[in-house]
Amino acid sequence: MTTKRDLVTRLDDGGVLCAEGFLFEIERRGYMASGAFVPEVALENPHALRTLHKDFQHAGSDVVQAFTYNGHREKMRVLGKEELLEPLNKAALQIATDVANDVPEGIEPNLVAGNISNTNLWHPDDKNAQKEVRKMFDEMIGWAVDAGVDLIIGETFYYAGEAFAALEAIQQSGLPAVVTISPMGENKMRDDWDVVDTCAELEQRGATVTGMNCFRGPQTMMPYIHEIRKRVKCHVAALPITFRTTPEHPTFFNLPDNNGCTCPAPHGRSFPTALEAMSCNRYEIRAFADEAWALGVNYLGVCCGAVPIYIREVAEAMGRRPPASRYDVDMSRHFIYGSHERLANHITSYGDRA
Ligand SMILES: [Zn+2]
């Protein structure tokens, strides 16, 4: 087995690629209820979670993030399944650890990340709620530490205060902290913090990596990434969703389908089950990754909507050739659009009318 470098060494040496978006992809594979969005897959269908992690690893992810997003006490209470909280967290951590160590010959073992996220309980004026959130963070971080993870990711925070609380909880574990924020459609944090100021404050408080993940596609995340990269000295993260959000609709929550949709989702919005028509293609994800990489943003990934092919694009933008690059597009042998000498002219000349 090749030696395993830690997060900071990898960032200083070049960059880190972290696949996310398990929630959407596991749902699309039929192993999770949309809306409820609780990662019981770790207990009920561990093979499905393992397969997804393996697919992202094949495409170039350096990090296997334990799938505990939404696997926190408050969400489990909403579901009436609080007793599953600890088994779920431990199973997800074990699966992530197993996959991280099970790499192809000659490839460095992946980093394992514990994960905490927006609790939807945080309130800026409610000290009791804040204490409760901190307890939830502490117990999840505790299970991750017991499992021997290499870093903790705190993500998808739309309250600056909750992001700061997450960072403080992670710091107590002594592990590197990746803390990313996710402003809603008002383009500021829900507690009125400016987006870039929030990242600068996270850096000041000692985050190893700060930046943004989720809610926003490339177009509405990138302007902030430019500003954040200018403002902070620490490593910066950028992990957009894969949908074509716009200045009018900066997040996927209120993204309308204006692409000729004939069967709108019954719950009145395209989020979260009818977003397909607004998907970025792989070249848009590649363009995002190229731009971010050129800026010196070197913790990259893709969040909701991520499939392995997008992760491969990001890996290649970072100058890599992951195992999946063996299967890069080769149109030269396509039956209509190819250029191979064996292809019949009466077929290849038909391309524009096909
Ligand atoms: Zn996401």
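How do α8 and α9 lie to each other, roughly parallel or roughly perpendicular? Point 1 takes that up, and the rest of this note walks through other parts of the model, which is a predicted one.

1. **α8 and α9.** Start with helix α8, residues 160-173, and helix α9, residues 195-204. They pack at an angle of about 20°, and their axes are 10 Å apart. Angles under 35 degrees count as roughly parallel, so that is the label for α8 and α9. The crossing of α8 past α9 is right-handed. On the α8 side the contact uses Ala-160, Ala-163, Phe-164 and Leu-167, and on the α9 side Thr-198, Glu-201 and Leu-202. By class, that makes five nonpolar residues, one polar and one charged.

2. **α6 and α7.** Next, have a look at helix α6 (residues 85-101) against helix α7 (residues 127-146). Here the packing angle is about 40°, with 10 Å between the axes. That angle is why α6 and α7 are called oblique to each other. α6 goes past α7 in a right-handed crossing. Glu-86, Asn-89, Lys-90 and Leu-93 are what α6 brings to the contact, while α7 supplies Met-140, Trp-143 and Ala-144. Sorted by type, the contact of α6 with α7 has four nonpolar residues, one polar and two charged.

3. **α4 and α6.** α6 also packs with α4: their axes come within 10 Å and cross at roughly 40°. α4 and α6 are therefore oblique too, and α4 passes α6 in a right-handed crossing. Which residues meet here? From α4 they are Pro-46, Leu-49, Arg-50, His-53, Lys-54 and Gln-57, and from α6 they are Ala-91, Ile-95, Ala-96 and Val-99. The class tally for α4 with α6 is six nonpolar, two polar and two charged.

4. **The nonpolar core.** The largest nonpolar core has 109 residues. Which of them touch the most other members? They are Ile-152, Ala-166, Ile-225, Ala-238, Ile-311 and Val-314. The helix giving this core its largest share is α6, with nine residues. Beyond its neighbours within four places in sequence, Ile-225 is in contact with Gly-211, Met-212, Val-236, Ala-238, Ala-292, Leu-295 and Val-297.

5. **α12.** Helix α12 covers residues 308-317 and is mostly covered itself, with eight of its ten residues buried. The buried set is Pro-308, Tyr-310, Ile-311, Arg-312, Glu-313, Val-314, Ala-315 and Ala-317. Note that Arg-312 and Glu-313 are on that list. What do these buried residues pack against? Their partners are β1 (16-19), α4 (46-59), α11 (282-295) and β8 (299-302). After α12 comes Gly-319, with a positive phi near 85°.

6. Asn-120 is not a glycine, yet its phi is positive, about 65°. Asn-120 sits in the loop between β3 (111-117) and α7, and is partly exposed because 14 other C-beta atoms lie within 10 Å. Phe-215 also has a positive phi, near 65°, and is a residue other than glycine. Its place is the loop between β6 (209-213) and α10 (218-231). Is Phe-215 buried or exposed? Phe-215 is buried, because it has 24 other C-beta atoms within 10 Å, and 20 or more is the cut-off.

7. **Met-32.** Last one: Met-32, in the loop between α2 (22-28) and α3 (41-44). With 25 other C-beta atoms within 10 Å, Met-32 counts as buried. Setting aside neighbours within four places in sequence, its contacts are Ile-26, Glu-27, Phe-37, Pro-39 and Val-41. Met-32 and Asn-45 are 13 residues apart in sequence, and their C-alpha atoms are 9.7 Å apart in space.

Terms used
Residues are numbered from 1 along each chain as its sequence is written. This is a predicted model: local features need pLDDT of at least 70, side-chain atom pairs count only at pLDDT 80 or more; totals for chains, interfaces and linings use all residues. A residue is buried if 20 or more other C-beta atoms lie within 10 Å of its own, exposed if 12 or fewer, and partly exposed in between; C-beta atoms are placed from the backbone. Helices (H or I, at least four residues) and strands (E, at least two) are DSSP runs, numbered from the N terminus. Two residues are in contact if their C-beta atoms, placed from the backbone, lie within 7 Å. Axes are lines fitted to C-alpha atoms, for helices over the stretch in contact, and angles run from 0 to 180 degrees between N-to-C directions. Angles under 35 degrees count as roughly parallel, over 145 as roughly antiparallel, 65 to 115 as roughly perpendicular and the rest as oblique. A crossing is left-handed if the near helix is turned anticlockwise from the far one by less than a right angle, and right-handed if clockwise. Ala, Val, Leu, Ile, Met, Phe, Trp, Tyr, Cys and Pro count as nonpolar, Asp, Glu, Lys and Arg as charged, and the others, Gly among them, as polar. A nonpolar core is a set of buried Ala, Val, Leu, Ile, Met, Phe, Trp, Tyr and Cys residues joined through C-beta atoms within 7 Å.
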